[in-house]
Amino acid sequence: MDKKPYYISTAIAYTSAKPHIGNTYEIVLADAIARYKRMTGYDVYFQTGTDEHGQKIQEKAEAAGITPQQHVDKVAAEVKRIWDLMNTTYDKFVRTTDPMHEKKVQKIFKKLHDQGDIYKGSYKGKYCKPCESFWTESQLVNGCCPDCGRPVEDAEEEAYFFRMSKYADRLMKHIEEHPEFIQPESRKNEMVNNFLKPGLQDLCVSRTSFTWGIPVDFDPGHVVYVWLDALTNYITFCGYDPDGNHDEHYKRFWPADVHLIGKDIIRFHTIYWPIFLMALGEPLPKQVFGHPWLLVGEGKMSKSLGNVIYADDLVRLFGVDAVRYYVLHEMPFANDGVISYELICERINSDLANVLGNLVNRTIAMTKKYFGGVVPAPADAEPVDGELKAVALGLPAAVEKRMSDLHVADAIDEVFTLLRRSNKYIDETMPWALAKDESKKARLGTVLYNLLESIRFAATMLRPYLPDTADKIFAQLGVEDKGIESLAAFDGMQPGASVGEASILFERIDIPKKLAEIEEENKAKAAPEKPAVTFLPDIPFDDFCKVDMTVCKVLACENVKKSEKLLKFQLDDGSGTPRQILSGIAKYYKPEELVGKTVVAVTNLPPRKMMGLESNGMLLSAEKDDKLNLLMLDDSIAAGSKLC
């Protein structure tokens, strides 16, 4: 029987910087869904990757003194490293600098232009550089970007625009007829009420103020706006062909079953993206799920706030599955979740070490102690046994109900309901007491068999969320994971087989000690590093000796008319004749502040005309991080003295 296809994607990570744990949550969530779908018989295609064009990336690369391609290569490698570290099973990792993607985007742009959906105009308004988004004055919130809250800047440039209003009614109708299209419900209401009902403005889809983007091949100087470039990744890498010759992969998997994205980019995925697809004549994705944010305290993670937590740091401190468990279990369906080191420690101790780890450890240990490590055969059942079996046998359906609408945290809770019921079962049956009475050996065997089998059920259903932990549990049970099909009956453990060795799945954490260690480590990281200093190539000493550096007294100083940068100095250089020097330091000093000061000038430079005035030399100053300080000496040093 042919497996049913299932296509899930994450948003592609923007390659401006290393992703933090809030970004990483999305790939872990998508992986849990993908693993579950595979486990339940679907043919899954799971796509993720990186978004690598845009003004912000170009500026970051320029600031670092490298090319944009070098910058995105470095960050993309870091993103992939973290996705792999988190044990995610994506099928394809895409990059928007891929030549294949760039060529397809150019064809898409031209196709939309040729059919009249894209037209040329000019843009004048407000631009948010971090979000790569344009806004009108009325859309701003307190003068700032409504998405991220950062300041915007005035922008004016020639650009191409997409006729969004042409498809607005059709999109509204689709949303009304497909209530599952935008999830959660709150995100749908936000898009309809805040954007569609007020009326869509045409969307800027090209830029001319920077070069790091996919060129519009029929109009040099224009590059494709980053969102048109980025959004189309979902079809270009899946096998879409703008000329209509789609490959078999695209025909099998498109439309996507779910685009998993952060709530901050819901507008792009539920308004712009479906309209682009409508214009291309392609089916819309079945669902766009805008997950909430993972907050530190009550705020979003931000480097500028110094509250960023990275996945690889958490993995080093707590392990991969502990981190996966926390972000999957502690993120509500529709509301923001909260992360802190203390909360992680508490959850590891309460759920992973106590409820899960302790149950597995003591069940295997009792099997070793009372039955020599051999799985006992179950005998006659008592009512309490039936209660435990009912929870176990109902687990696959309970998890499916939660996973069908992406309530992943609730699905995990269903597994832990069985684990907690198993712990309660131990308290009810008291196997240590049964072991003291030889006549109750059969009853003890039944109790331990039921516990081992319940743990097998839990391990099977934990696999999408804690894959490594599931492997460890099966190793301790001494059986293979035979999948969800093996949970149809409560008889998977074979009497007479041997269990594996008991081991601790999750160590309990001494929370005060752990938090103190983390605090010390963070302090060490936050300590300011000695700034790197770059030097020019070596020169012969004789060349240095040719530079005449003379101590001068400032006799007069004034602004140069019609210049915002220049100050005009009259200097006493010890020669008896005032020396005139012009210096571009007006933004750092007021003229009256400098009169009477002792400065240093290079006095053997050829005269230079500036704003129609002659400058005879250059004043020495020090500049770093957009701060400038004019070199000033003690006033006791005489004019005409030489630096040597």
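**Sheets, turns and overall form of the predicted chain**

Five strands make up an open sheet, in the order E18-E17-E16-E19-E22, and their pairing is antiparallel. The edges are held by strand E18 (579–583) and strand E22 (618–619). Each of these has a single partner strand, so one side of each is left without a neighbour in the sheet. The model is a predicted one. Within this sheet, strand E16 (residues 549–559) and strand E19 (residues 598–602) run antiparallel and are joined by five bridges. At one of these positions, Met549 lies opposite Val602 in E19. Strands of a sheet pair through backbone hydrogen bonds, in either the parallel or the antiparallel sense.

Another open sheet has four strands. Their order is E6-E5-E7-E9, again with antiparallel pairing. Here the edge strands are E6 (133–135) and E9 (203–204). Both have a single partner strand, so one side of each lacks a neighbour in the sheet. Strand E5 (residues 118–128) pairs with E6 over three bridges, in the antiparallel sense. Tyr127 has Phe134 in E6 as its bridge partner.

A hairpin is formed by E23 and E24, with two residues between the strands. Strand E23 covers residues 621–624 and strand E24 covers residues 627–630. The two run antiparallel, joined by four bridges. Lys624 stands opposite Lys627 in E24. In the turn, Asp625 has a positive phi of about 50°.

The next features concern backbone geometry in loops. The peptide bond from Gln183 to Pro184 is cis, and its omega is near -5°. Pro184 sits in the loop between strand E8 (182–183) and helix H6 (185–196). A cis peptide bond also runs from Trp254 to Pro255, with omega near 10°. Pro255 belongs to the loop between helix H9 (248–253) and strand E12 (258–262).

Positive phi values occur in residues other than glycine. Asn87 is not a glycine, yet its phi is positive, at about 60°. The loop that holds Asn87 lies between helix H3 (68–85) and strand E4 (92–95). Asn87 has a relative accessible area of 22% and is partly exposed. Leu406 is not a glycine either, and its phi is positive, near 65°. Leu406 lies in the loop between helix H15 (395–403) and helix H16 (408–429).

Ile473 gives a view of a helix residue and its contacts. The residue is part of helix H19 (residues 467–477). Its relative accessibility is 1%, and Ile473 counts as buried. Neighbours within four places in sequence are left aside here. Beyond them, Ile473 is in contact with Leu356, Val360, Ile455, Ala459, Leu462 and Leu505. Ile473 and Thr550 are 77 residues apart in sequence, and their C-alpha atoms are 79 Å apart in space.

The chain as a whole was then examined. Its secondary structure comes to 22 helices and 24 strands. The radius of gyration is 33 Å, well over the 26 Å that the globule rule gives for 644 residues, so the chain is more spread out than a compact globule. Along the principal axes, the C-alpha trace spans about 120 × 65 × 45 Å. Of the 644 residues, 52% count as buried. Among contacts with a separation of 6 or more, 75% are between residues 24 or more positions apart.

The accessible surface of the protein chain is about 30000 Å². Carbon and sulfur atoms account for 52% of this surface. The charged side chains number 79 positive and 94 negative. The centres of the two sets lie 1 Å apart.

Notes
Residues numbered from 1 in each chain as written. Predicted model: local features only at pLDDT ≥ 70, side-chain atom pairs only at ≥ 80, totals over all residues. Heavy atoms only, no water. Pairing = 2+ DSSP bridges. Rg over C-alpha atoms; globule rule 2.2 N^0.38 Å. Buried < 20%, exposed > 50% of the residue type's maximum accessible area, 1.4 Å probe, protein only. Contact = heavy atoms within 4.5 Å. Areas by Shrake-Rupley, 256 points an atom, 1.4 Å probe, with all protein chains shown as cover. Lys, Arg positive; Asp, Glu negative; His and termini not counted. Charge placed at Lys NZ, Arg CZ, Asp CG, Glu CD.
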